[in-house]
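Please look at the predicted model below, whose helices can be followed one after another. The report that comes after it describes how some of them pack and where some of their residues lie.

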Amino acid sequence: MSKEIPYKIYLEENEMPKQWYNVRADMKKKPAPLLNPGTGKPMTAEELEVVFCKELVEQELDETNPYIDIPQEIADFYKMYRPSPLVRAYCLEKKLDTPAKIYYKFEGNNTSGSHKLNSAIAQAYYAKKQGLKGVTTETGAGQWGTALSMACSYFDLDCKVYMVKVSYEQKPFRREVMRTYGASVTPSPSTTTEVGKRILEAHPGTTGSLGCAISEAVEVATTNEGYRYVLGSVLNQVLLHQSVIGLESKAAMDKYGIKPDVIIGCAGGGSNLGGLIAPFMGEKLRGEADYQIIAVEPASCPSFTRGKYLYDFCDTGMICPLAKMYTLGSGFIPSPNHAGGLRFHGMSSTLSELYDQGLMEARAVEQTEVFAAAEQFARIEGILPAPESSHAIRVAIDEALKCKETGEEKTILFGLTGTGYFDMVAYEKFHDGKMIDYIPTDEDLQVGFDGIPKIPGIQE
């Protein structure tokens with residue numbers, strides 16, 4: 001007899017994951033390696049260590065160990081806000097009049113307001129352990145920059161953040177949280193770096209992109225002794241750290257004999273989605289269970305649904321390694337009307353490979369529909385969701401309504417990455433009817449595709 005399901009399922013402290021799960025270990029066909037843009041050959045650990053912390057490079061390249069121990073100092077920090085709740089959306093189910101059972105993993109119960117802290121504290125820990133002075137990074141909507149500034153403050157590390165200019169201007173409060181924790185925050189592209197100057201010369205008046213901000217952060221890290229660059233999404237190491245989301249979700253569901261049929265996550269670079277689906281995808285890869293896994297991205301930055309699966313630069317300045325991923329081209333800059341943080345031109349190489357193998361699907365949604373779902377969710381479930389998470393909410397509601405039409409009693413799990421209290425300018429635009437749906441034309445996308453590099457013998 002199954003247990004009665006409470007509104008919120010909490011794991012006990014001793015039930016928290018003690019190891020991260022590395023999904024690549026269970027992939028028969030591994031993600032393509034990072035390439036050196038100068039030689040076209042796979043990046044070595046020594047080359048990557050110029051940019052990244054040594055132990056993080058080891059995690060980045062590890063494709064064989066399924067589980068990696070979480071250091072005790074990181075585990076102790078996690079205890080301040082983890083385990084996070086798995087919530088049964090009873091009120092939403094009732095309002096939708098659906099036979100579907102809806103669950104969401106809520107990652108907003110920390111000051112940074114999002115799941116990003118799971119990896120930020122890990123990356124700051126390894127930087128401190130290596131004896132570094134500080135780290136550099138980029139941030140879009142600001143969740144990653146906020147989380148990293150908190151983590152660096154905890155370990156007494158300097159933190160230099162390059163924030164996409166449009167977000168810097170639209171989200172001053174997010175910027176001030178970073179400064180409160182001691183970070184310096186620079187709108188990108190800026191005149192403080194050589195690559196920033198080049199981007200501004202080529203694109204005068206640009207509102208920026210994550211690709212621009214990455215270039216600036218990497219330049220600063222590699223030209224200042226005692227600094228390394230850290231990234232909040234896309235990389236294998238980040239998906240590894242974020243696997244705590246999925247591991248906790250699965251443990252909580254197993255505790256009550258629940259098996260999801262549909263798993264939904266928002267997708268920008270892949271950190272939340274990769275973390276949420278990790279143990280479930282592991283079961284799927286091993287042939288132990290099957291799940292419908294849906295990545296949800298903005299129609300204004302549709303890397304999965306309209307991108308090309310090719311090697312591309314991760315940054316606009318073309319100074320980072322080449323990654324094989326679904327990409328819109330490193331020169332693609334989303335419309336400034338795009339209100340969420342899901343604005344990276346590419347997608348995690350690991351998730352791209354899983355998607356290319358048909359192990360997951362992707363959907364692109366327009367932002368007015370996303371904010372309509374966000375408002376509906378806030379009114380019913382009592383949480384103001386981040387715009388990024390609201391992409392997953394949109395599709396979760398759509399799937400629940402399909403169940404209403406068909407009578408299927410599916411169990412839906414989605415990731416609620418965080419809260420939207422710093423996104424009120426976007427909510428204001430939605431309420432005032434000033435938010436528009438921008439969908440790039442094929443001609444718009446072709447501009448980005450034209451900049452994808454040719455690699456002799458690999459990608460002509």
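## Helix packing and burial

In this predicted model, helix H5 (residues 117–129) packs against helix H6 (residues 143–154) at an angle of about 40°, and their axes lie 8 Å apart. Because of that angle, H5 is oblique to H6, and the crossing in which H5 passes H6 is right-handed. In general, the angle between the axes and the distance between the axes are what describe two packed helices.

| Helix | Residues in the contact |
|---|---|
| H5 | Leu117, Ser119, Ala120, Ile121, Gln123, Ala124 |
| H6 | Trp144, Ala147, Leu148, Met150, Ala151, Cys152, Tyr154 |

Which residues of helix H9 (residues 194–202) are buried? They are Val195, Gly196 and Ile199, and, seen down the axis of H9, these buried residues fall within an arc of 100°, so they line one face of the helix. An α-helix has 3.6 residues a turn, so residues three or four places apart point the same way. Helix H10 (210–223) is included in what covers the buried residues of H9.

Asp442, by contrast, belongs to helix H18 (residues 442–449) and is exposed, because its relative accessible area is 56%, where exposed means over 50%. Although Asp442 and Arg306 are 136 residues apart along the chain, their C-alpha atoms are separated by 9.1 Å.

Key: Residues are numbered from 1 along each chain as its sequence is written. This is a predicted model: local features need pLDDT of at least 70, side-chain atom pairs count only at pLDDT 80 or more; totals for chains, interfaces and linings use all residues. Side-chain values use heavy atoms; hydrogens and water are left out. Axes are lines fitted to C-alpha atoms, for helices over the stretch in contact, and angles run from 0 to 180 degrees between N-to-C directions. Helices (H or I, at least four residues) and strands (E, at least two) are DSSP runs, numbered from the N terminus. Angles under 35 degrees count as roughly parallel, over 145 as roughly antiparallel, 65 to 115 as roughly perpendicular and the rest as oblique. A crossing is left-handed if the near helix is turned anticlockwise from the far one by less than a right angle, and right-handed if clockwise. Contact means heavy atoms within 4.5 Å. Buried means under 20% relative accessible area, exposed over 50%, partly exposed in between (1.4 Å probe, protein chains only). The arc is that of the directions from the helix axis to the C-beta atoms.
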